[in-house]
Amino acid sequence: MGSGYAFGNGLAAGLAANFGKGSLRGQNTGAGIKNNIDYFGLNLYGVWSNPYVNLIGSVGYLQSKNEIKSQGYKAKPNGKTFVAGIRAEKPFAVTEAVKVTPHVGLRYKHVKVDDFNASGFSYKNESANLFELLVGVAVSSDIKTAGGAGIKPFVDVTATPNFGDRKVKNKVGLRNTAVSDSFDARITNNALVNGTIGVNAVKGSHSFGLHYSVDGANDGRLDQMLKTKYSYQF
């Protein structure tokens, strides 16, 4: 949920809030582990469009409340993420209806998961600082219908190399003792490649979007997402 305001001269800003519930189930060596999640977040964003380049910046905070269960034991650590990013893009008209838009961006993430105790053990989690470089290109078309609607199909391909704490060191030990051990855990891939295809439609104050995206990375990672959105502008 959110709201935005256009100040004129290519400047606009907005505030958005997101919240929800979800669940995770472990597979393979993690079979039997379950996690129920409640989360909420706030995002502040701004846009500056000018004849030279379009700039989009955002700052956000996300907090998750987790209830992890495994073999009769339970833990409730919270996760906190701070994100700040900026993106620059420049559209080039190929024809009257088709545009090619190269874009580049940089995103910073600070991720922290609370320490917790479970089944006589204590778990300490190291915070992580990540930098993501986003480089890609989009191809879009702008179609006007006889009924006054604007339809904009598009395709976007983006490569995102990741830098920083791609692995974090976590500690596990006997509770109330100095006995502990540590292990490294990978929390992100070296790089991610995203392909998105979709269409946005606008008629009057109403707008609708339908997007399908695929993410691929090392170690066989493959994510898919289908998203719809609707907004009313006044």
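Biologist: Leaving aside its neighbours within four places in sequence, which residues is Asn54 in contact with?

Modeller: Contact means that heavy atoms lie within 4.5 Å. Under that rule, Asn54 contacts Trp48, Ser49, Arg87, Ala88, Glu89 and Pro91, once neighbours up to four places away in sequence are set aside. This is a predicted model, in which local features need pLDDT of at least 70 and side-chain atom pairs count only at pLDDT 80 or more, while totals for chains, interfaces and linings use all residues. Residues are numbered from 1 along each chain as its sequence is written, and side-chain values use heavy atoms, with hydrogens and water left out.

Biologist: Is Asn54 buried or exposed?

Modeller: Buried means under 20% relative accessible area, exposed means over 50%, and partly exposed is in between, with a 1.4 Å probe and protein chains only. Asn54 has a relative accessible area of 16%, so the residue counts as buried. Asn54 belongs to strand β4, residues 54-70. For the protein, 21% of the 234 residues are buried.

Biologist: How many helices and strands does the protein have?

Modeller: Both are DSSP runs numbered from the N terminus: helices are H or I over at least four residues, strands are E over at least two. Here there are zero helices and 18 strands. The C-alpha trace spans about 70 × 35 × 30 Å along its principal axes.

Biologist: What does the UniProt record say about residues 1-234?

Modeller: Record positions are given in the numbering used here, feature names are shortened, and an annotation may be inferred rather than shown by experiment. According to the unreviewed UniProt entry, residues 1-234 carry the annotation "domain: Autotransporter". That span is 0% helix and 76% strand, and its end C-alpha atoms lie 15 Å apart.

Biologist: In what order do the strands of the open sheet run?

Modeller: Strands of a sheet pair through backbone hydrogen bonds, either parallel or antiparallel. For the assignment, two strands pair if DSSP finds at least two bridges between them. The open sheet of four strands has the order β9-β10-β14-β15, and the pairing is antiparallel. Its edge strands, β9 (116-118) and β15 (180-186), each pair on one side only. Neighbouring strands of this sheet are turned by 25° against each other on average, direction ignored. Axes are lines fitted to C-alpha atoms, for helices over the stretch in contact, and angles run from 0 to 180 degrees between N-to-C directions.

Biologist: How many bridges join β9 to β10?

Modeller: Three bridges join β9 to β10, residues 121-124, and the two strands run antiparallel. Asn117 has Ser122 in β10 as its bridge partner.

Biologist: How many salt bridges does a search of the whole structure find?

Modeller: A salt bridge is a side-chain nitrogen of Lys or Arg within 4 Å of a carboxyl oxygen of Asp or Glu. The search finds eight. One of them joins Lys21 to Asp38, with the closest N and O atoms 2.6 Å apart. Lys21 sits in strand β2 (residues 11-25) and Asp38 in strand β3 (residues 34-49), so this pair ties together parts that are 17 residues apart in sequence. Lys21 is exposed at 69% relative accessibility, and Asp38 is partly exposed at 34%.

Biologist: Which residue forms a salt bridge with Arg87?

Modeller: The partner of Arg87 is Glu89, with the closest N and O atoms 2.9 Å apart. Arg87 is partly exposed at 31% relative accessibility. Both Arg87 and Glu89 are among the contacts of Asn54. Another salt bridge joins the side chains of Glu67 and Lys69 at 3.4 Å, N to O. Glu67 is partly exposed at 24%, as is Lys69 at 37%. Arg107, Lys109 and Glu132 are linked in a network of salt bridges.

Biologist: Is Phe19 buried or exposed?

Modeller: Phe19 is exposed, with 58% relative accessibility. Phe19 lies in strand β2 and touches Met1, Tyr39 and Phe40, not counting residues up to four places away in sequence.
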